[in-house]
Amino acid sequence: MGVKTDTGLPARLRPSPNHNDRAGPVSLLLLHYTGMTSGEEALQRLCDPRAEVSAHYVVDEDGSILQLVPESRRAWHAGRSYWKGERDINSRSIGIEIVNPGHENGYRPFPDAQVQSVIELARDICARHGIAPHDVLGHSDVAPERKEDPGELFPWDRLAAAGVGLHVAPEPVSGGRFFQLGDGGQPVEALQSMLALYGFEMPITGVFDERTRAAVAAFQRHHRRERVDGIADMSTIATLHRLLQKVPQLG
């Protein structure tokens, strides 16, 4: 085509007009699923100027990679979102859309070839931009009240084993005390403090409200995928505590 992609991996260009200037340097990598019935349907939307959405890359189920927006530009993939005090996630991130029908259209496991391409692409992006493991996120992490992707079937542990993202072995699901909608008090304050410290937008109110439930569910989708119910059981809390210890500036 005469124009090279940003990655050195085999990839093709399919330009989207949906981008603008960045307001800051890249520090995050954000993974999504397309959530549509086919990869081509998703691409048409991501390249439609009327839709006003886009991403830097799309990884199809066969592992093929398309670049839609130059990494130097601000793609429109995160929407209303937040992480560690930053609200303009689009300016700070590279976005990868992973072809999968999503929870509303027959959510299914991600094929091996697709996961391997995501690993290689993410590793390449993180190396070039100096993105830290704990800043490789899912869309649900930065928009927990709106989004579920890439969801509990996405193999975050496989990415971490390949050097992409932060992962610890989750604490086994068992009995014990738990917190859920309507609960309150100092233990809920402590939970909210840990969620806020990790990066979620989480006012410390001491009340287990809908925002707290959504953040707990998002955390489970990424880090304790066995059960995603928004209930802060001992498995969820112990896994969160273990992860906080692995974040360099917090551990």
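Proline 150 is placed in the loop between helix H4 (139-142) and helix H5 (156-161), where helices (H or I, at least four residues) and strands (E, at least two) are DSSP runs numbered from the N terminus. A cis peptide bond, with omega about 0°, joins aspartate 149 and proline 150. This is a predicted model, in which local features need pLDDT of at least 70, side-chain atom pairs count only at pLDDT 80 or more, and totals for chains, interfaces and linings use all residues. Residues are numbered from 1 along each chain as its sequence is written, and side-chain values use heavy atoms, with hydrogens and water left out.

Most residues other than glycine have a negative phi, and most peptide bonds are trans.

| Residue | Phi | Relative accessible area |
|---|---|---|
| Glutamate 52 | near 55° | 54%, exposed |
| Lysine 84 | about 50° | 36%, partly exposed |

Glutamate 52 lies in the loop between helix H1 (39-46) and strand E4 (57-59), while lysine 84 lies in the loop between E6 and helix H2 (89-92).

Arginine 74, which belongs to strand E6 (residues 74-75), is buried because its relative accessible area is 17%.

Helix H6 (residues 186-198) and helix H8 (residues 234-246) pack at an angle of about 40°, with their axes 10 Å apart; axes are lines fitted to C-alpha atoms, for helices over the stretch in contact, and angles run from 0 to 180 degrees between N-to-C directions.

Note on methods. Buried means under 20% relative accessible area, exposed over 50%, partly exposed in between (1.4 Å probe, protein chains only).
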